[in-house]
Amino acid sequence: MMHPESNFQIAAVRMLRTNGYYCFSVPNGQRLERKRAKIAVAEGLLAGVSDIIILLKLRPVFVEFKSLTGKGRQSADQKAFQKEVEARGFEYVVWNSWPQVEAFIKANRSLRK
């Protein structure tokens, strides 16, 4: 069964790519067996990393998706990641509505490629 937040992310990524944006996910939410999880952490897996990263001209944007219901909240790890990203001068956004996605696409058209 798909989670509503996942459906929102899938549709938003499709919309971003259709509009010429280069974005990718960081698959952090998978359940791993203990041995594989230990290896993944050693390889750089980090709790709280944003759901996707969008690469604009000279600027990455870190995006966290939350349910369209407005009930989704960032975990402590996600808030800590956001703090680190912003402390380094990068943009971090939380999307929980289609108008946010549409506004981003419209505002950044010239920075797509």
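Glu64 lies in strand β3, and in this predicted model the residue is buried, with a relative accessible area of 1%. Although Glu64 and Trp95 are 31 residues apart in sequence, their C-alpha atoms are 6.3 Å apart in space. The structure holds 4 salt bridges, and one of these involves Glu64, whose partner is Lys66. The points below take up the salt bridges, the helices, the nonpolar surface patch and the backbone in turn.

**Salt bridges**

- Side chains of opposite charge can pair when their charged atoms come close.
- In the pair formed by Lys66 and Glu64, the closest N and O atoms are 3.6 Å apart, and both of these residues, Lys66 as well as Glu64, are buried.
- A salt bridge also joins Glu91 to Arg59, with 2.7 Å between the closest N and O atoms. Because Glu91 belongs to strand β4 (residues 91–95) while Arg59 belongs to strand β3 (residues 59–65), this pair ties together parts that are 32 residues apart in sequence.
- Glu91 counts as partly exposed because its relative accessibility is 27%, and Arg59 is likewise partly exposed, with a relative accessible area of 26%.
- Arg36 and Glu43 meet through their side chains in a salt bridge, at 3.4 Å from N to O. Here Arg36 counts as partly exposed at 36% relative accessibility, whereas Glu43, at 57%, counts as exposed.

- Helix α2 spans residues 34–43 and is hardly covered, since the count of buried residues among its 10 residues is 1.
- Glu43 lies in this helix, α2, and is exposed, with a relative accessible area of 57%, which is over the 50% needed for that label.
- Between the C-alpha atoms of Glu43 and Arg73 there are 27 Å in space, while the two residues are 30 residues apart in sequence.
- Just after α2 comes Gly44, which takes a positive phi of about 120 degrees.

**Packing of helices α1 and α4**

- Two packed helices are described by the angle between their axes and the distance between the axes.
- For helix α1 (residues 4–18) and helix α4 (residues 98–107), the packing angle is about 20 degrees and the axes are 11 Å apart. That angle makes α1 roughly parallel to α4, because angles under 35 degrees count as roughly parallel.
- The crossing in which α1 passes α4 is right-handed.

**Helix α3 and Gln82**

- Gln82 is found in helix α3, which covers residues 76–87.
- With a relative accessible area of 18%, Gln82 is buried, because the label applies to values under 20%.
- Gln82 and Ile54 are 28 residues apart along the chain, and their C-alpha atoms are separated by 15 Å.

- Tyr22, Phe24 and Leu55 make a nonpolar surface patch of about 290 Å².
- Phe24 lies in strand β1 (residues 22–25), and Tyr22 lies in strand β1 as well.
- Phe24 counts as partly exposed, because its relative accessibility is 32%, whereas Tyr22, with a relative accessibility of 54%, counts as exposed.
- Tyr22 and Lys113 are 91 residues apart in sequence, yet the distance between them in space is 8.1 Å from C-alpha to C-alpha.

**Backbone at Leu58**

- Most residues other than glycine have a negative phi, and most peptide bonds are trans.
- Leu58 is a residue other than glycine with a positive phi, the value being near 60 degrees.
- The position of Leu58 is in the loop between β2 (52–56) and β3, and at 90% relative accessibility Leu58 counts as exposed.

Note on methods: Residues numbered from 1 in each chain as written. Predicted model: local features only at pLDDT ≥ 70, side-chain atom pairs only at ≥ 80, totals over all residues. Heavy atoms only, no water. Patch = residues over 30% accessible without salt bridge, like charges linked within 9 Å, V, L, I, M, F, W, Y side chains within 5 Å. Areas by Shrake-Rupley, 256 points an atom, 1.4 Å probe, with all protein chains shown as cover. Helix = DSSP H or I, 4+ residues; strand = E, 2+ residues; numbered from the N terminus. Buried < 20%, exposed > 50% of the residue type's maximum accessible area, 1.4 Å probe, protein only. Axes fitted to C-alpha atoms, helices over the stretch in contact; angles between N-to-C directions. Parallel < 35°, antiparallel > 145°, perpendicular 65-115°, else oblique. Left-handed = near helix turned anticlockwise from the far one by under 90°.
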